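Please consult the sequence and the structure shown below while reading.

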Amino acid sequence: VKVKAVEMSDNNNNNNINNNNSIIINAAVGSTNPVKVKAVETALRQILSSKDDDIQLVVTQHNVPSGVADQPVGNQETKLGAKNRALHMKQQQVKDGADIYVGL
């Protein structure tokens with residue numbers, strides 16, 4: 001699995017097949033924290049590597065609101081913030097859309 005992190009300003013092609021007949025999976029991460037983005041890349045790479053070697057993973061990072069405090073208190077508020085980030089990206093159709101939306 002090839003993993004490429006791209007900046008939000010990069011122009012991603014939402015066509016899910018590239019010229020090499022590889023499947024392209026676009027994952028949008030609701031964070032600009034490099035540790036969180038790398039964690040998502042690593043997790044998705046591990047999941048996808050067991051599926052097909054011809055998958056290219058493109059991870060984009062996005063600064064989106066969580067709707068909770070900057071330092072959420074407790075699991076409930078933390079989960080709500082993550083859910084809000086993922087839903088916000090999906091509702092706004094971040095860039096040209098994504099196959100996976102991850103809120104952290």
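## Helix α1

V37, V40, E41, L44 and L48 are the buried residues of helix α1, where buried means under 20% relative accessible area, exposed means over 50%, and partly exposed lies in between, with a 1.4 Å probe and protein chains only. These residues cover an arc of only 100° around the axis, which puts them on the same side of α1; the arc is that of the directions from the helix axis to the C-beta atoms. An α-helix has 3.6 residues a turn, so residues three or four places apart point the same way. On the face of α1 turned away from the buried side are the exposed residues V35 and Q46.

Helix α1 comprises 16 residues, 34-49, and its first and last C-alpha atoms are 22 Å apart, close to the 22 Å expected at 1.5 Å a residue. The expected span is 1.5 Å times one less than the number of residues.

## Basis of the model

This is a predicted model, in which local features need pLDDT of at least 70 and side-chain atom pairs count only at pLDDT 80 or more, while totals for chains, interfaces and linings use all residues. Residues are numbered from 1 along each chain as its sequence is written, and side-chain values use heavy atoms, leaving out hydrogens and water.

## Overall organisation

The protein contains 2 helices and 4 strands, arranged along the sequence as β-β-α-β-α-β. Helices (H or I, at least four residues) and strands (E, at least two) are DSSP runs, numbered from the N terminus. Of the 104 residues in the protein, 37% are buried.

## Strand β2 and its partners

Strand β2 (residues 23-29) is largely enclosed by the rest of the structure, because 6 of its 7 residues are buried. Strands count as paired if DSSP finds at least two bridges between them. β2 pairs with strand β3 (residues 55-61) in the parallel sense over 7 bridges, and I23 stands opposite I55 in β3. Strand β4 (residues 100-102) also runs parallel to β2, joined by 3 bridges; here A27 has I100 as its bridge partner.

## Helix α2

The buried residues of helix α2 are G81, A82, R85, A86 and M89. Their arc of only 125° around the axis puts them on the same side of α2. They pack against β2 and β4, a contact being heavy atoms within 4.5 Å. The opposite face of α2, turned away from the buried side, carries the exposed residues Q76, K79, K83 and Q91.
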